[in-house]
Amino acid sequence: MATVAKTEGIKAFSATHDWESADYEPTLPVSEMSNPLTRNIDRAPASSIVKMLQACDAQMFQEKSGAAYERLLSDQVAKSLMEVAKRVQLILKNPQDSLIVLSGCGTSGRLAFFITSGFNRELRRLNHSAVCSYIIAGGDRALFSSQEAPEDDPISGALSLKKVSEGKKRVLFIGISCGLSAPFVAGQLDFCLQHPDVYTPVLVGFNPAHQARNEPIPGCTFTFHSVVTKMRELAKMQKAFLINPVLGPEAISGSSRMKGGSATKILLEVVFSAAHAANFSRTPITYNGILQHMRSYGKVLDITYSQTEGIAAVMEAAGRSLQCGRRLCYLSWGFLGLLGLIDASECKPTFGADHKDIQGFVGGGCKELGNKEGDLNLMGAESGIAHIDFLHNVLPCLTDKDTVLLLYSHSDDVDEVAKLARRVREKTSNMHAVYHQTDGDTAAQQGEINKLCSSTLNFIWPQATPASMGLQHMWELSTKLVLNAVSTGAHILKGKVYQNYMIDLQVTNSKLYCRAARLLQRLSGHPKSLCEEALLKAIYQVDKLTEDIMTCNLTTHTHTARKVKKVVPLALVCLLTGYSIKEAQSHLEQKPIVREAVEACLREQTLFSGSL
């Protein structure tokens, strides 16, 4: 049985808060800082990677005492959650002409869809009308494939909000932007501020308000920072709400799919669960109830990371698969399936992965998801997300070099799980499982599945869970933590991380372009102008920038960058060595692990200069 983890795994890593000091990376917002706990995660074995991730996730639940910022369990955060939950309850009480809209970009938009789907499903079960809708930048295609560019379009954001809430007299809008930076969400919040008679805006993010992005947005008179400033004033009269606890830097710098995604899920589920209990069970929304519910999520972290060895084993297997050019597949059932799809989709923009490196598959595919636009047909016939697509397109070419991970719970059809597991086992022995059950409630077929798999992470949850927190939410967060750890660790082992930075990120929007330029500055020590020049040379594959390139706008740069692989690694090697683009490409082909490529280049140069 999985027991609550002690602090042993975390003791190996300093619990220092030096990222909170004023002189630690002072030019960066917290969400873009590097985490001192993971500085050399790219050289760590799988077992140490898991412990580092555990230590980083534990930062979410550290109490405020002595901290420079509001934290997840802070007084102000709990009070804001209470007030927003009351607004949700009012809409549940009187749903006519009312709507709740959740919106975001990338991971935030995917979680908006995930939470909306779950809440509406529960309402329909109780014969209550669905009151929630979601918006994701780039539309439903962005749910499971990388669509980063629309994040930069505030006008599209405002228009999508206007369209989804047409004819409504009361709208609670919840915009999610982990770094308080996405122009798409800023446009929606600004639209709400212009129509206060209908819209109550709520902003969820994980930087302090003064660190909201202040760069001008093309075609707009506002910045994200100016929108946040207006919301702070309205918050004093409870006409707007900011929920922005600081979680500490991500384990991989800027990878907000991890702590940012987990905290988004926690905060919004606390709000919706409290409102649901108040409306259907007459349970009052109280400060202590909100805080207790939040703390119960901390126990999910303990139970999940009590199986560090098992997580490390799956991570190691997945890392070997990616290293030899093979794939990791998530085969999921029920509500856990969506988490597999989300995790797989995030790897392309985060690590520059191919969409086939990590793929998710769920039962009936799009038919089970209930998304607005129906069957997505993401990238053609070979990219379907149903189990039948896996059987037709992937199973025939599976080998022991591929890794397959089953995701299910005892409430799923475990007969179906066993049936598919048998078919997979005929092609590969490299199959693992994540299985959730309550204490004393094991499916009869579980023994057979355990024998078919190389390893099983069997999470056993106590039946007596807090009334406000269903088992499903616990299983979901636990599964998310495991998948984030496995996919992140696998890409680290493949060499896609330099120190604790996403060195091979895709430069496909303004946020990622700025992040890439900052990263080059940090790792090379060169001034900003030189780093941007190297970045543009890598994007356009030239050794000399023409006037045409120099006068192009940022949108043109990011559009061009989508077609180029290893943009940031290429720019870094050129900056550190003075090599041409072709020479740098040649070295990266010989040594795909960027840190090794850079060190080999520098050694080569030292030997050459020493021989002169």
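A cavity is a set of points, on a 1 Å grid over the protein atoms alone, where a 1.4 Å probe fits but cannot get out, whereas a pocket is an open set with protein on both sides within 12 Å along at least five of seven lines; lining residues have an atom within 4 Å of a point. Grid points are joined across faces, edges and corners, and a volume is the space filled by probe spheres set on the points. The model examined here is predicted, so that local features need pLDDT of at least 70 and side-chain atom pairs count only at pLDDT 80 or more, while totals for chains, interfaces and linings use all residues. Residues are numbered from 1 along each chain as its sequence is written, and side-chain values use heavy atoms, with hydrogens and water left out.

Five cavities of 30 Å³ or more are present in the structure. Helices (H or I, at least four residues) and strands (E, at least two) are DSSP runs, numbered from the N terminus. The elements that give two or more residues to the lining of the largest cavity are α4 (107-125), α12 (337-351) and α18 (510-524). For residue classes, Ala, Val, Leu, Ile, Met, Phe, Trp, Tyr, Cys and Pro count as nonpolar, Asp, Glu, Lys and Arg as charged, and the others, Gly among them, as polar. On this basis, the lining of the largest cavity has eight nonpolar, 11 polar and eight charged residues.

The second largest pocket has a volume of about 730 Å³. It is lined by 31 residues, with L28, P29, E32, C514 and R518 nearest its centre. Two or more lining residues come from each of β12 (501-502), α18 and α19 (528-540), and α18 gives the most, with 10 residues. Nine nonpolar, 12 polar and 10 charged residues make up the lining of this pocket.

The burial of residues was examined next. Buried means under 20% relative accessible area, exposed over 50%, and partly exposed in between (1.4 Å probe, protein chains only). A nonpolar core is a set of buried Ala, Val, Leu, Ile, Met, Phe, Trp, Tyr and Cys residues joined through side-chain atoms within 4.5 Å. The largest such core has 150 residues, and I100, F272 and M294 have the most contacts inside it. A second, separate core of 31 residues includes L99, I135, V227 and A240.

M294 is located in helix α10 (residues 287-305) and is buried, with a relative accessible area of 0%. Contact means heavy atoms within 4.5 Å. When neighbours within four places in sequence are left aside, the contacts of M294 include F61, L72, I266 and V270. By contrast, A58, in helix α2 (residues 46-58), is partly exposed at 26% relative accessibility.

Two helices were compared with their expected span, which is 1.5 Å times one less than the number of residues. Helix α17 (residues 471-494) has 24 residues and should span 34 Å, and its end C-alpha atoms are 34 Å apart, which agrees. Because 19 of its 24 residues are buried, α17 is largely enclosed by the rest of the structure. Helix α4, with 19 residues, reaches 27 Å from its first C-alpha to its last, close to the 27 Å expected. Of the 19 residues of α4, 14 are buried, so α4 is largely enclosed by the rest of the structure.
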